[in-house]
Amino acid sequence: MSRRQMLARCACGFGGVALSTLMAKESRASDTIATAKGLHHEPKVKNVIFLYMDGGPSHVDTFDPKPLLDKENGKPFAMEMEATQFDNNGKTLASPWKFKQYGESGIPVSELFPHVAKHVDDMAVIRSMTSKFSEHTFANYFLHTGHGLQGRPSMGAWTNYGLGSECDNLPGFVVLNGGLIPPGGLDNFGSGYLPASHQGSVFTASDPPVANISRKESSAQLQQNKLALMNQLDAGFLSEAGSSNQIESAIKNYELAFRMQAAVPELMDFADESPATLDMYGLNDEFKNTTTYGRICLIARRLVERGVRFIELTCPGGNGDRWDQHGNLRDGHTKNALTVDKPISALLTDLKQRGLFESTLVVWGGEFGRTPFAQGSDGRDHNPFGFTIWMAGGGIKGGTIYGQTDEYGYKAIENRVEIHDLHATMLHLLGVDHERLTYRFSGRDMRLTDVHGNVIRDILA
Amino acid sequence: MTSHRFVVALLLVFACHARPGFASEPKQTFPAADIEFFEKKIRPILVKRCYECHSQESEELAGGLRVDSRADLVEGGESGAAVVPGDPSESLLVDAINYGEYFEMPPKSKMPAAEVALLTDWVKRGAPWPAEQTKLSGYEKKFDLAARKESHWSWHPVVRHDPPPVKQTTWSSSPVDQFVLAKVEEAGLTPANSADRRTLIRRVYFDLIGLPPTPAEVVAFVSDDSPQAFEKVVDHLLASPHYGERWGRHWLDLMRYAESRGHEFDYNAANAWQYRDYVIRALNEDVPYDQFVREHIAGDLLPRPRQNQTEGFNESILATGFWFLGDWCHSPVDIRQDELDRLDNSIDTMSKAFLGLTVACARCHDHKFDAISQRDYYALMGFLQSSAYRQVRFESMDHNREVAEQLATLRTISAAAILKEQLDGMRPGLEHFAESLVTANRWNEQLAAAQKDAQNPLHAWAQLAAVNEADAEATATKRHAVAQELINRWKTEAEQATTVRKSIRVIVDYSSPSPGEFIQDGSAFGRSPVVPGELMLDSANRKLSVATYGAAKRDPAFNKLGTEKGTQAEPGALGKWQRAGQTLRTPTFTLESGRLHYLVVGAGNVQAVVDSHRMIAGPLHGRLVKRWGPPQQTGPHWVTHDLSRYSGHGVHVEFSPEGDGPFEVLMVVEGDAPPRNLLETPNARLLDMLETCVADQDDDGFDMTRLASAYQSLLLDVADKTASGKLPAAPQARDDAAIAQWLIENAELLRPADNKRNKQIGQLWDDFITKETALKEKVTTKSQSAIAIWDGNGVDEQFLVRGNHKMSTDPVPRRFLEAFVGSSSSCSPDGSGRLELANQITDPETNPPIARVMVNRIWQHLFGRGIVPTTDNFGVLGQPPSHPELLDYLADEFVRDGWSTKKMIRRLVLTETYRMSSEPNRAAVDIDPDNILLHRMNIRRLQGEAIRDTLLAISGRLDAKMYGPPVPVYLTKFMQGRGRPGNGPLDGAGRRSIYISVRRNFLSPMMLVFDTPVPSQSVGRRNISNVPAQALTLMNDPFVIQQSQLWAKRLLEHESESAERRIEAMYESAFARLPTKQEVDVAIGFLQSQAEAAGLPADRWQTEERLWSDLCHVLINSKEFIFLR
């Protein structure tokens, strides 16, 4: 066998399907705790799409109508006010938007979400969410990691740690960055003390979507030659060093990396999508942010198809300061809603059409809500005491309203839900008992839900 | 609900702690109707709403509270009594169901109003309950610190063990090897053979300096036949400055080192890199570890701080920066909660790094497993409550303090000499003062002024002298009346002043500060505050004066303090003015009304540090900072600072001057309004004099000559006292001082023209000014600054029930862990007491873990796994040591060796254990698959920093420059978000990775991929992950490609060399070994195929840089490159 033949044969090692699959499974087994079927019980869903509304959308302007605010608009706020971030509390502020009931369930939704509203019969609207923090960074960490400080594993990391990936050529936790990395930075998607393989991979809507994914060689052959030689050297090194799991996994990682090089461009290529689909997601819309968000919603569906376990979407910039309308509520919320409404509706429709809805959990929400009283004259400050999120998809009892805030929409007073409960419920639907998904660190068995969390049974189908 | 009730409730809890069992209150019987009410209305509510978590049925009893017996309710759970029968407003249960101050129960939904009303009514009726035997079960503390300490190895003293006997006695004479070998033999295994020299030198280079050996260094070692060959290599590496860079990075992991604060805007942690450089220097100098730790805990308080070897500056204080390397939030809504989280991070870092203990687990409850109580946690937190953050002028602080001392001494001596001349000159005049007052008209001008000025000592005289009635008798009568009137007015004013003073809360009065109240950063406020009566020299105007009030006064000698170029300003509002080295702070106190008033002179800045919050940026806490420009009037004026929003919070206030004008702080008070005229109270001595004078005379007469004599006696008395050195202490000092100052001001009138004396005084001034100018020039005005701790007054942290700051109780006296020093130990009340803490922590008798934890860390870095694998947790949930006797042996040796880290490393790498080959032993697969017994060396992956540094080293791009401001991190387009810094060069300017900036929200992707920890908490043991992103980085990252190209270029510079020789050189650089013949052939084959694939002529493979670059790239991607055998 000539040297060239030998190299050519080695090159075949890259992308060889059977071998690769085997290797991926092996390397997975080493740092996740997954078993073949679910982890602790039969799962309802396989994937999660978290539509993260950075900045904190106003619940009283979207999914939690409060007629009393109209009545008392401009009057001093009647309840005792907690400390706020800007300490510039104004008068009671009515919602600038009208609400209408939708679907058989008659769940009211404001004018901001005409498209999403059509799906209320598939949604469980939780109106009694609470958080512990009034600051973006703390609240973001809390929402993402169950802890208000930096450095803990994100829920996507926990999910992958628990269940492993079903995708052989893409990471199991993908963050689709619409343009805004939330306050607190990439650590919202970190793996904390869990193995680094579980951290979120941030994909942008641009091309290439992720760093170092494209080969730098001018032809595939040039790279394959390199990898072939590398493989040969590694084989020699491995036999010299004796069998070593570490070295073997490092070798295997090149296989996955190599496959990712091909899988990612393929993921981003919409050639196989119909014009109707592209249109539905808003890719032809005039408002540029709708197009951007539409793109990542479509990518989210494509990631679900590819078995990526946990997908988070962040919002595009340029709509005011995220959903964080400390002033100019009308303008900011209009743009933010316009950005996400149509694409999210399309995503839900598309998942249904393709039979993926029942195996996917879609969660919509921000890190907190907003005050029913004004900040200054035309804004709303942060409100962690009561706000709305909604869930849809497999295992969710559609057409449900769960919990309520007081008559002003200031604080949750019935069936209060904590972030830990949200996490517990997400894990439950994935077949994971949140109390049993643990990782030993810093002297104790850590959990996503710390020592808290109850599954919200009432919203389950 | 009052917090007063809470204290009572908690005292009960503590009482129960001390007194196991339950003393029931007298048995009560309730009317049948009440019982019926309870059974029908109340019990069902309790069952329905509370039993799930608070009864026998509960899986886990929440908060230690049961509601299924009355006695349990009355005794309560962890938070104290739940029900105070008859008193709903004092009952926590009622607070909770109303979603009150402390609890919100049931947690999910508030009970219907009707149920809340029923329960409230029931409590009001005395909480009727049917007769029951006793409490069913109560909240009992099961925490037994002594038993836990007794039962877990890591609390026990280090015991020196002799090495165990071994069979293979020829293997090594090193005790360390014998400890290891004994276990290997016991398991029926034999140790691996020695590694070959090339493997060994590569291993030891990476372990000790984090860089590969050069081919020449490899060759030198391989061909060195002397028995000391390896020792020579080791000693060379330990002496290399790169050693500190390598081991410094390990230390920075423990210290969650970063140069920004994270959170929303990722603000600068100003000048954090000075701490990084401190660490590198300290390791290179092999500062004894106990000293190193002492410096971390209390480097600011050491009696003799360690000096920088070349620059002479204060090194020790730089270590204290570690306390403040955590993340900071800029606008925390709950500022106290934020403080507790910040301090928690510092305690967590300190305890994990130095003690190997997870003390922070005891924040909300006694530690679940270890001998650490919740009180221990708050006892430690007090040390931090008593200390503050600052930017310290470490380069100039000690020097300037000396200058300040010398200035103070010079001024005292010179002022006394000048004063003596002046007073001596006045003496004759004073002795004839009465006469001159009565007869001479020399005083006319003075008297005209004094008549209008109540503060002028001659005011009384002027007023009385001005009385001029028709005849002498009438004049005398009138004078008597006027004198009496004056006396009455002065008395009233004095009383008013007393009342005013009583109506305010004096936080600090710098005219008579208590010990420890005068706290400054730097020396700009001199050796001590100016006290009334103190002599002051104004060299510009050649004027001697007597201070008539006390104040902390900025010395103009320090007017020009500034920072060295490149020093970062604080982020946010604090960066706008020059604070370092010229800041004065009050002790920490608790705000009551929150309206503070500062009596100051000149323009200045103030920061009220509430709950130790520093990051003033954004809207929320902007009012904590205040600045004021030069006032209209000279002299003291009030500045009001409204902090009523923060009433009840802990605060201290920091003052710093604005500009070069005079700046003084006289007093800090709290009250509704600033007290007016506090300094213009009547002079008690003059009042006294006048009163005596009047009392001695008839009602209808007043003899001015007697008043003149009284004046003369008073002036002589004050003159004598002034001359003799000290005027009486405050508060009388002010009265005498005012008179002394008047004397000096009027010296010209009181003494005859005396040219000789004038000349003498002039000479004294000349001397003084010459010396003062020389000293002023010695002041170092430019300095770098660094993060450091600043000792304040002693403040104990309150015990927080369940870690909840709304449930604070008694303060816990500051002390080290009870398991080490007992529960009754406490530290001295002056200052924080950190120095005592530092001494206790570094005393191996008191604190056995100190040496064990460190030698274990060293072991881990050299062998890939600690003797205790959980390097930061030696507690019950940590893993036990694999070789406990060896661990203690090493801990003991470490102390005996003078805590020398380098000696310990040297000792370990010279063992046979370290020199073993990593080749697996088939026999061991079942017996010791994880190599816990160390029957061979572990295979280890290089850390990210070492991989990057090696790329630079072999490409020739490595810039060996040490220290200094970080090189900005290279930002990819994926690194977005608020606070995005300026971009840095792709290759980090060729600097070693430890010098690349560490910005919390913009961490280097390459480092993250290779497991450099996120700097949020202390990490002693890095993850070792194995992810595709690592492969993608080495395959496609532009930096890696760039370095491959550079490397190829460098290789091809020697055109004369053959391809074979180049390939050999590549292998030597990358792997510290030569390629086999086959490997050379394969490489050449690759170059040829690559030329073909690139469409190049066949003969170009020998010289084409891009092909060689591809080969370099392959070697970098091969596993041999990133693994150490």
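Helix axes here are lines fitted to C-alpha atoms over the stretch in contact, and angles run from 0 to 180 degrees between N-to-C directions. Angles under 35 degrees count as roughly parallel, over 145 as roughly antiparallel, 65 to 115 as roughly perpendicular and the rest as oblique.

## About the model

This is a predicted model, in which local features need pLDDT of at least 70 and side-chain atom pairs count only at pLDDT 80 or more, while totals for chains, interfaces and linings use all residues. Residues are numbered from 1 along each chain as its sequence is written, chains are lettered from A and ligands numbered from 1 in the order in which they are written, and side-chain values use heavy atoms, with hydrogens and water left out.

Let us start with H39 (residues 1059–1071) and H41 (residues 1105–1117) of chain B, which pack at an angle of about 30° with their axes 11 Å apart. (Helices are DSSP runs of H or I with at least four residues, numbered from the N terminus.) H39(B) and H41(B) are therefore roughly parallel to each other, and their crossing is right-handed; that term applies if the near helix is turned clockwise from the far one by less than a right angle, and left-handed if anticlockwise. On the H39(B) side the contact involves B:Ala1059, B:Arg1062, B:Ile1063, B:Met1066, B:Tyr1067 and B:Phe1071, and on the H41(B) side B:Trp1108, B:Leu1111, B:Cys1112 and B:Leu1115. Contact means heavy atoms within 4.5 Å. By class, these residues are nine nonpolar, no polar and one charged, where Ala, Val, Leu, Ile, Met, Phe, Trp, Tyr, Cys and Pro count as nonpolar, Asp, Glu, Lys and Arg as charged, and the others, Gly among them, as polar.

Next come H18 (residues 397–431) and H24 (residues 704–723) of chain B, whose axes come within 11 Å and cross at roughly 160°. H18(B) and H24(B) are therefore roughly antiparallel, and H18(B) passes H24(B) in a left-handed crossing. Residues of H18(B) in this contact include B:Leu419, B:Leu423 and B:Arg427, while those of H24(B) include B:Gln712, B:Leu715 and B:Asp720. The contact divides into seven nonpolar, two polar and three charged residues. For H30 (residues 849–863) and H32 (residues 901–909) of chain B, the axes come within 10 Å and cross at roughly 45°, which makes H30(B) oblique to H32(B). Their crossing is right-handed. Among the residues that meet are B:Trp859 and B:Phe863 in H30(B) and B:Met904 and B:Leu908 in H32(B); the contact has ten nonpolar, one polar and no charged residues.

## Where the chains meet

The contact takes 87 residues from chain A and 80 residues from chain B. Together the two chains bury about 6,900 Å², 56% of it on carbon and sulfur atoms; buried area is the accessible area (1.4 Å probe) that two parts lose on being put together, summed over both. Of the area that chain A buries against chain B, A:Gln150, A:Asn212 and A:Arg416 supply 10%, more than any other three residues.

Nine salt bridges are counted between chain A and chain B, a salt bridge being a side-chain nitrogen of Lys or Arg within 4 Å of a carboxyl oxygen of Asp or Glu. One salt bridge joins the side chains of A:Asp87 and B:Arg645 (2.3 Å, N to O).

Over all chains, the count comes to 109 salt bridges. B:Arg160 forms a salt bridge with B:Asp892, with 2.4 Å between the closest N and O atoms. B:Arg160 lies in the loop between H7 (145–151) and H8 (175–186) of chain B, and B:Asp892 in H31 (residues 884–896) of chain B, so the pair ties together parts that are 732 residues apart in sequence.

Two loops of chain B are worth a look as you browse. The peptide bond from B:Met105 to B:Pro106 is cis, with omega near -10°, and B:Pro106 is found between H5 (92–97) and H6 (113–124). B:His263 has a positive phi of about 60° although it is not a glycine; B:His263 sits in the loop between H12 (242–254) and H13 (273–284) of chain B.
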